[in-house]
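These are my notebook entries on the fold shown below. I looked up the sheet, the helices against it, the cores and the aromatic pairs, in that order.

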Amino acid sequence: MTHTDTPAIHRILNARGPFTPLGVSRSPEPVASAVAGALQSFADIAALQDAANTALGTYAGAEAGTVVHCASAGITLAVAAAMTGSDPARVAALPATEGLRNRVVLPTGHAVNFGHPLEQAIRLSGATPVFAGDAAGCPISDIVHEIAHPATSCLLLVVSRLTRGAPIDLNAAIRAARDAKVPVVIDGAAQIFRARELIAAGADLLIVSGQKYLGSPTAGLVFGRADLVAGVRAQDKGIGRGMKASKEALVGVLAALAQWTAIDERAWADRQTEKVSRLVEELNRLDGVDAESVPDPTDAPFPRVSLKICPSRARRTAAETVTALKVGSPPIWVMDNCVGNDEILLELVPLQPEELDALSERLSEVLS
Ligand SMILES: *Cc1c(COP(=O)(O)O)cnc(C)c1O
């Protein structure tokens with residue numbers, strides 16, 4: 001049986017980015033073969049974690065690193081590590097947090113929902129989320145006020161296009177936490193590109209999804225301070241048991257990091273820009289459509305296509321276009337969070353040249 005015979009493995013044209021309900025990403029061939037090899041072998045998991053520690057630390061310029069099941073697990077375990085350190089009795093007691101600092105402070109606008117609410121990932125450890133500021137924004141003074149509470153275990157910040165409200169000055173927030181001697185945990189699930197920068201900015205722990213832009217199997221990469229990473233690994237004998245990295249994830253992450261490190265990042269970014277420019281040019285030939293290249297709001301090094309659809313001149317509304325694309329063959333998925341403003345966003349990063357051609361053709365058919 002090949003993968004195309006497997007029920008529910010379909011040829012999907014994914015122009016909506018690393019989306020969990022679509023299987024997130026496709027791994028490069030060397031990663032897939034490394035994973036296949038791992039699945040057919042036994043492995044020394046501690047040795048693989050030690051190798052991951054070195055590889056992740058080197059990649060991000062961090063003291064240490066570890067792999068857990070996924071980024072959501074990484075958030076729960078990072079928060080746990082901030083409460084327990086590596087103390088076995090404390091690790092064993094979670095999610096009971098009696099006697100521990102258990103307040104996790106986060107800006108209200110950073111309480112994102114990436115499939116489940118971030119605050120639930122915090123609560124799973126036994127910690128209590130405490131919100132600073134409101135939905136409109138979070139002045140640094142509000143963070144300073146909340147983290148001053150003696151039961152604060154960490155400050156959690158999210159770098160994502162999902163955050164709401166006025167953007168927060170990340171450096172100022174990190175400085176405030178430093179001054180209060182409170183560790184900073186950053187959820188940068190889609191920020192593999194900026195891992196080095198976020199560690200250099202002072203993240204004590206940074207969590208990234210391996211299966212998003214890195215193209216590994218599902219894995220949560222945790223980078224950061226050696227004592228806190230040790231605290232994350234210590235959770236293996238506690239709440240982390242159900243959130244552990246598999247051998248295939250560990251091997252896949254190592255292979256994906258090796259692939260990624262060999263890439264010329266400038267050339268990669270140029271290719272993404274070219275793909276977007278080409279599609280923008282083709283789509284602007286359609287009536288009632290205004291296409292342009294838009295930068296990533298979190299400074300990831302690639303643009304997306306913004307497609308504004310004028311429903312009176314094009315044949316359809318943006319919402320109808322999304323549906324028409326999805327029911328065709330192959331099904332095409334696009335970013336539909338702005339359809340209310342008659343806008344569709346297209347992310348082209350994983351698309352091969354023939355897929356770009358197919359996307360362009362189908363959009364022309366659907367819209368003209
Ligand atoms: C995707 C995402 C997550 C969850 O990542 P998983 O690896 O799927 O658990 C967490 N936070 C943000 C901001 C995300 O975008």
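**Entry 1: helices on the sheet.** I note at the outset that this is a predicted model. I began with helix α2, residues 45–60, and found that it lies across β2 and β8 (220–224). Its direction is at about 120 degrees to β2. I then turned to helix α3, residues 71–84, which lies across β2, β3, β5, β6, β7 and β8. Helix α3 runs at about 165 degrees to β7 (205–209).

**Entry 2: the sheet.** I traced the strand order as β2-β8-β7-β6-β5-β3-β4, an open sheet of seven strands with mixed pairing. At the edges I found β2 (64–68) and β4 (128–132), each of which pairs on one side only. From one strand to the next, the twist averages 25 degrees.

**Entry 3: strand pairs around β3 and β5.** Strand β3 (residues 103–107) runs parallel to β4 and is joined to it by five bridges. R103 has T128 as its bridge partner in β4. Between β3 and β5, also parallel, I found three bridges, and V105 stands opposite L155 in β5. Four bridges join β5 to β6, again in parallel, and L157 is partnered by I186 in β6.

Is β5 enclosed or open to the outside? I recorded that seven of its seven residues are buried, so β5 is largely enclosed by the rest of the structure.

**Entry 4: nonpolar cores.** I looked up the largest nonpolar core and found 52 residues in it. Those with the most contacts inside it are V67, L155, I186, I192, L206, L221 and F223. Helix α10 (residues 247–261) supplies seven residues, the largest share of this core. A second, separate core has 34 residues, including I75, L100, I122 and M243.

**Entry 5: aromatic pairs.** I found eight aromatic pairs in the structure. In one of them, F193 and W260 are tilted, with 5.6 Å centre to centre and 55 degrees between the planes. F193 lies in the loop between β6 and α8 (195–200) and W260 in helix α10, so this pair ties together parts that are 67 residues apart in sequence. F193 is buried at a relative accessible area of 16%, and W260 counts as buried at 10%.

Why is the pair of W268 and F302 edge-to-face? The ring centres are 6.3 Å apart and the planes stand at 80 degrees, so the pair falls in that class; the cut-off is over 60 degrees. W268 belongs to helix α11 (residues 265–283) and F302 to the loop between β9 (289–294) and β10 (304–309), so parts 34 residues apart in sequence are tied together. W268 counts as buried at 11% relative accessibility, and F302 at 2%. I also noted that ring pairs link F193, Y213, W260, W268 and F302 into a cluster.

**Entry 6: S329.** Lastly I located S329 in the loop between α12 (318–327) and β11 (332–334). Is S329 buried or exposed? Its relative accessible area is 71%, so S329 is exposed. S329 and R11 are 318 residues apart in sequence, but their C-alpha atoms are 8.7 Å apart in space.

Note on methods
Residues are numbered from 1 along each chain as its sequence is written. This is a predicted model: local features need pLDDT of at least 70, side-chain atom pairs count only at pLDDT 80 or more; totals for chains, interfaces and linings use all residues. Side-chain values use heavy atoms; hydrogens and water are left out. Two strands pair if DSSP finds at least two bridges between them. Helices (H or I, at least four residues) and strands (E, at least two) are DSSP runs, numbered from the N terminus. Axes are lines fitted to C-alpha atoms, for helices over the stretch in contact, and angles run from 0 to 180 degrees between N-to-C directions. Contact means heavy atoms within 4.5 Å. A nonpolar core is a set of buried Ala, Val, Leu, Ile, Met, Phe, Trp, Tyr and Cys residues joined through side-chain atoms within 4.5 Å. Buried means under 20% relative accessible area, exposed over 50%, partly exposed in between (1.4 Å probe, protein chains only). Rings of Phe, Tyr and Trp (its six-membered ring) pair if their centres lie within 6.5 Å; planes under 30 degrees apart count as stacked, over 60 as edge-to-face and the rest as tilted.
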